Amino acid sequence: MFENGMLELVVQAFGETILMTVVSSLFAYVIGLPLGLILVATDKEGVSPSAVCNQILGFLVNVLRSVPFLLLLVAVLPITKAVVGTTIGAKATIVPLVIGAAPFIARLVESSLKEVDKGVIEAAQSMGASPFEIMTKVLLPEAKPSLLMGSAISMTTILGYSAIAGFCGGGGLGAVAINYGYYRNDTNVMLVMIILLVIIVQVLQEIGLRVAKRSDRRL
């Protein structure tokens, strides 16, 4: 399988996969983290309850999470074209990856923040801390280990999405697996791509686990 420049293609695809995963995760967290904070803050037991805001935001997040990524990828092609000027390749894949991952991350963040002991929040409130201070100086630091584990989960999810994008002109290892493995019925190419993707997942999970353990003050 490594004849006629295939090795160079795989190396390039590997780099594209890492780039798509990291960049998409970064931008998805820029969107998803604030959304998760707002969902927690506006919850009926949050520091700034707002049923209307929470229900509307929760509904939008749930709708986006419910759309299969392959369909989302096709549906946002006009947005992708407008943002990056193309609908194929690794750069174009980043746009739907961010849109698809942001609501997923928002729910992960919400879940992590809700694990924080309510006694800590009540103590901060008794000391006169504002809702913003409680969110940024109490909840986020206390939920740090869980948030870090969630980031590893989200990155592996985004990695899986990037492989799916290979069916619609996306780049990375998924594109190689589809174009040179599936369409050409070459099981060797498919197997190598799967092994590389599994290795990346395992590395991301291990890094996330170790970083989370080191940041957990309870250990």
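Is Lys-114 buried, partly exposed or exposed, and what is its relative accessible area? In this predicted model, Lys-114 is partly exposed, with a relative accessible area of 41%. Its salt-bridge partner is Glu-110, at 3.3 Å from N to O. Glu-110 is buried, with a relative accessible area of 10%. Both residues belong to helix α5 (residues 90–114). They stand four residues apart, about one turn of the helix. The pair is also part of a network of salt bridges. Asp-43, Arg-107, Glu-110 and Lys-114 are linked in this network.

Arg-210 is exposed, at a relative accessible area of 55%. Glu-206 is partly exposed, at 36%.

Another salt bridge joins Glu-45 and Lys-118, at 3.9 Å from N to O. Glu-45 lies in the loop between α1 (6–41) and α2 (51–66), and Lys-118 in helix α6 (residues 118–126), so this pair ties together parts that are 73 residues apart in sequence. Glu-45 is exposed, with a relative accessible area of 58%. Lys-118 is partly exposed, with a value of 46%.

The count for the model comes to five salt bridges. Side chains of opposite charge can pair when their charged atoms come close.

Key:
Residues are numbered from 1 along each chain as its sequence is written. This is a predicted model: local features need pLDDT of at least 70, side-chain atom pairs count only at pLDDT 80 or more; totals for chains, interfaces and linings use all residues. Side-chain values use heavy atoms; hydrogens and water are left out. A salt bridge is a side-chain nitrogen of Lys or Arg within 4 Å of a carboxyl oxygen of Asp or Glu. Helices (H or I, at least four residues) and strands (E, at least two) are DSSP runs, numbered from the N terminus. Buried means under 20% relative accessible area, exposed over 50%, partly exposed in between (1.4 Å probe, protein chains only).
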